[in-house]
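Please look over the sequence and the model shown here before reading on. The report is meant to be read beside them.

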Amino acid sequence: MVKILVGCEQSGIVRRAFAALGHDVWSVDLLPSEDMSNRHIIGDVRDYLDDGWDLLAVFHPPCFVAGTLVLTKRGHIPIEDVVVGDLVLTHRGRWRRVTETMNKSTNDLLALKATNALPITTTPEHPFYARFRAPCAHGFRSLKERDGPAEFIQAGALSTRHFVGSVLPPTTAVNISDDDLWLMGRYVADGHMRRSRWTDGKWEEMNLAVGAHEFEEFKRVCPRKCSIRWNGTAYRATFYGHDAIKDFAQFGLYAHKKTLPVWVMELPKQQAIAFLQGYLSGDGYIRERDTSAATVSPRLALGIAILMQRVYDKCPRLGIFERNPTVEIQGRTVRQRPSISISIGNANERLRNYVDGDYAWGHVRSVIHKLQQAVVFNLSVEEDETYTANGVIVHNCTRLCNSGVRWLHEPPKRLTAGHYGADKIAAYAAMDRDERLAFMWSELRDGADLFSKCWNADIPRKGVENPVMHRHAKALIDNYSDDARQTVQPWWFGEPAFKATNFYLEGLPRLVPTNKLEPPASGTKEHAQWSGVHRASPSPDRWKERSKTYPGMAAAIASQWGGYALREAVA
């Protein structure tokens with residue numbers, strides 16, 4: 001029997017895996033254990049390192065809730081589906097690779113609404129790319145005079161005097177005629193596809209709905225031959241032939257799943273105009289006051305907003321309108337989803353929201369603090385450490401990993417409730433820049449101390465989980481070694497999931513796969529399922545399931561590390 005301490009783990013999954021093999025195992029965490037075990041200590045792991053353990057295993061589970069849409073080269077996808085290697089759009093308007101994905105459970109959240117974004121639920125400390133607009137104290141002043149420089153500001157420090165930024169992706173022309181781009185846009189607005197009844201993998205027909213009021217205009221501008229017939233409420237234009245219509249399926253088959261591939265969002269202005277005109281001919285409204293569109297697909301709304309910004313050189317406004325869940329149409333009960341509007345003001349006068357180069361700046365409408373249990377997700381991105389969430393730019397926010405280095409050079413202007421107590425927030429607000437910088441370094445040292453104390457504890461066998469760290473953190477950790485790090489994946493241990501996990505090992509062997517699965521091909525439905533393992537049906541306990549260690553990995557840790565320690569003890 002080996003004496004084992006599992007640090008920073010409240011779920012008990014790893015503790016129980018060791019216990020099942022007969023080890024004398026305890027866990028310690030600042031939170032009580034979920035399984036109410038009498039072998040769980042509520043406290044700081046650093047206070048229990050000198051109690052004669054044979055093996056120490058420490059877990060550090062780090063800020064957006066599931067469903068937040070991130071713009072990747074695969075399109076807008078939920079943050080929980082983003083995987084290492086995905087290319088995401090950063091604050092510099094360029095594509096950069098995701099190097100790490102993270103998640104944690106929390107009960108401290110903010111609901112943020114901005115005119116150029118879909119509603120966002122995040123943690124108070126997550127930084128947003130924002131500008132502060134000073135009051136107009138002495139008559140007319142231009143926006144340039146009133147708006148401060150763009151900087152990353154914690155969500156909890158944002159106010160209705162802030163404007164958050166969105167950025168356009170780089171442009172790439174495509175070899176598609178303007179007529180076909182127009183028709184593709186029209187399909188996105190109100191089209192659907194029908195699969196072949198005779199040949200698997202083939203499309204039989206594509207249908208577009210055409211209102212009676214737009215029928216003559218549609219006949220005049222439609223670039224392809226089609227059959228048109230009246231169905232009692234609207235005309236239906238039908239296009240035939242798999243080879244002629246197959247490219248339209250990439251935009252989605254149902255209204256709530258319509259989306260724009262990245263190549264559409266990267267269209268240069270003239271080609272973007274052709275596509276957008278086709279879309280607006282179906283779902284658009286062009287009035288004296290504004291040009292707007294409506295959709296039930298959040299992904300499509302964000303894509304159309306990018307096209308509108310590029311075409312009109314103005315900041316799009318996004319709004320969500322709830323509707324009755326069902327409605328009766330010609331005796332049938334039809335389900336209704338919330339409607340999302342995307343609009344651009346047509347007025348020539350100065351608007352509250354505006355565009356500056358490739359950046360659009362949208363007004364923060366509200367920031368509401370709420371206590372709600374949830375799992376939040378975060379990404380680490382090479383070089384920039386930024387990505388777009390629900391349409392606006394955000395920054396990775398962990399302390400020891402590479403992204404945390406920015407606060408060591410330019411400290412945040414204020415701390416936020418939830419992450420810090422009221423006394424510390426007030427004290428920080430009274431500090432000058434140098435004092436705040438010293439505070440950030442103090443926080444870094446505290447985090448590095450936890451890792452260093454565990455890493456250098458007088459325990460012969462140690463496994464400490466932690467993200468890849470920046471050079472300042474490494475310098476503060478005694479005996480740090482990059483060679484000690486091993487990165488593993490749940491699918492090595494029979495769990496159909498992508499989630500890179502880093503262990504720093506001393507006196508322990510590297511984990512060996514026990515049931516290595518074959519990862520599905522990128523772009524398949526199964527690949528998406530593997531990437532979204534943290535998704536679950538809504539329930540009060542959903543956050544708990546998402547935050548736990550994978551049982552297959554826990555079993556491998558217990559068997560391999562516990563067995564190794566036992567063999568050494570016997571020897």
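The sections below take up the strands and helices, the aromatic rings and the nonpolar cores.

## Basis of the model

This is a predicted model, in which local features need pLDDT of at least 70 and side-chain atom pairs count only at pLDDT 80 or more, while totals for chains, interfaces and linings use all residues. Residues are numbered from 1 along each chain as its sequence is written, and side-chain values use heavy atoms, with hydrogens and water left out.

## An open sheet and its helices

Four strands, in the order S18-S19-S23-S20, make up an open sheet with antiparallel pairing; helices (H or I, at least four residues) and strands (E, at least two) are DSSP runs numbered from the N terminus, and two strands pair if DSSP finds at least two bridges between them. Strand S18 (284-286) and strand S20 (317-321) are at the edges with a single partner strand each, so one side of each has no neighbour in the sheet. From one strand to the next, the twist averages 20°. Strand S19 (residues 290-295) is joined by six bridges to strand S23 (residues 339-345), and one of the bridge partners is Ile-340 in S23, which faces Thr-295.

Helix H7 (residues 269-283) lies across S18 and S19 and runs at about 75° to S19, whereas helix H8 (residues 298-312) lies across S19, S20 and S23 and runs at about 5° to S23.

## A hairpin

Strand S6 (residues 69-72) is joined to strand S7 (residues 75-78) by four bridges, the two running antiparallel, and a hairpin of two residues connects S6 to S7. The bridge partner of Leu-69 in S7 is Pro-78. Leu-69 and Leu-71 point one way from S6, Val-70 and Thr-72 point the other way, and all are buried (under 20% relative accessible area, with exposed meaning over 50% and partly exposed in between, for a 1.4 Å probe and protein chains only).

## Aromatic rings

The whole structure holds 16 aromatic pairs, counted when the ring centres of Phe, Tyr or Trp (its six-membered ring) lie within 6.5 Å, with planes under 30 degrees apart called stacked, over 60 edge-to-face and the rest tilted. Among them, Trp-230 and Tyr-235 are edge-to-face, at 4.8 Å centre to centre and 65° between the planes; Trp-230 is partly exposed at 44% relative accessible area, and Tyr-235 is partly exposed at 23%. Phe-451 and Tyr-504 have ring centres 5.3 Å apart and planes at 85°, so this pair is edge-to-face. Phe-451 in helix H10 (residues 433-455) and Tyr-504 in strand S30 (residues 501-506) are 53 residues apart, and both are buried.

One aromatic cluster is formed by Tyr-129, Phe-152, Tyr-359 and Trp-361. Arg-131 lies over the face of Trp-361, 5.2 Å from the ring centre, and Lys-258 lies over the face of Tyr-187, 4.7 Å from the ring centre; such a charge is counted if NZ of Lys or CZ of Arg is within 6 Å of the ring centre and within 35 degrees of the ring normal.

## Nonpolar cores

A nonpolar core is a set of buried Ala, Val, Leu, Ile, Met, Phe, Trp, Tyr and Cys residues joined through side-chain atoms within 4.5 Å. The largest has 59 residues, of which Phe-239, Leu-260, Phe-275 and Ile-304 touch the most other members, and H8 gives the largest share, nine residues.

Definitions and conventions. Axes fitted to C-alpha atoms, helices over the stretch in contact; angles between N-to-C directions. Contact = heavy atoms within 4.5 Å.
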